[in-house]
Each structure stands twice: as C-alpha cells, then as structure tokens.
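This report covers the packing of nonpolar side chains and the open space between the helices of one model.

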Amino acid sequence: MTVTGIITAIVIGAIIGALGRLVVPGKQNIPIWLTIVVGIVAAFIGTFIARAIGIPTATSGIDWLELLVQVIVAAIGVVLVANLYGRRSVRH
C-alpha cells in the first residue's frame, strides 16, 4: 500500500466513521481517533460484504450501495466500541 493509499484510507475512514456516528442516536463517548479506526475497519468490512452479496464495487462513479453498507457497518461498530469503551473507562 502506498502513502497515498494510506492517507486515502484514513480520510475515507474518518468520513465513514463520522457518518456511522451520526446515524447512531445519542452521545458516544469515544475519542475521534477511535471513530477513525472504526471507520477504516468498517470501510474494509463493508466493501467485503458488498462484494459478497453482489453489489458492484468497481464503478466509474460513487458506489452508493457500497457506501450505505459501509455506513451501516460503521454504525454497528460505533455502538459496539462505545459500549466497550464506556465500560472500560468507568471504574469505581
């Protein structure tokens, strides 16, 4: 993977993570870097799922259905990470 590919993955991951965070109702007490990591992972998993169910991922424009799958995966990831992160950081 090239430097451009890594930077692109971070930018797309931040966007996917932010969109996933917007879809989830309420406040998520996770840092922005964790949102970006969730977004990057969700982008890869979402692309894999989209290909597995037959959504075309190599088109000349924006792949809206693939993006929708990625955002759904990111929303699920944000909920899971927020719950785990919240439990970890609250210690009495």
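Helices (H or I, at least four residues) and strands (E, at least two) are DSSP runs, numbered from the N terminus. The model is predicted, so local features need pLDDT of at least 70 and side-chain atom pairs count only at pLDDT 80 or more, while totals for chains, interfaces and linings use all residues. Residues are numbered from 1 along each chain as its sequence is written, and side-chain values use heavy atoms, with hydrogens and water left out.

**Pocket.** A pocket is an open set of points on a 1 Å grid over the protein atoms alone, where a 1.4 Å probe fits, with protein on both sides within 12 Å along at least five of seven lines; its lining residues have an atom within 4 Å of a point. Volume is the space filled by probe spheres set on points joined across faces, edges and corners.

| Largest pocket | Value |
|---|---|
| Volume | about 300 Å³ |
| Lining residues | 16 |
| Share from α1 | seven residues |

Ile 12, Ala 43, Thr 47, Glu 66 and Gln 70 are the lining residues closest to the pocket centre. Two or more lining residues come from each of α1 (3–23), α2 and α3, and α1 gives the largest share.

**Cores.** A nonpolar core joins buried (under 20% relative accessible area, 1.4 Å probe, protein chains only) Ala, Val, Leu, Ile, Met, Phe, Trp, Tyr and Cys residues through side-chain atoms within 4.5 Å. The largest has eight residues: Ile 16, Ala 42, Ala 50, Ile 55, Val 69, Val 71, Val 73 and Ala 74. Four of these, the largest share, come from α3. A second, separate core has seven residues, among them Ile 30, Leu 34, Val 78 and Ala 82.

Conventions. Buried means under 20% relative accessible area, exposed over 50%, partly exposed in between (1.4 Å probe, protein chains only).
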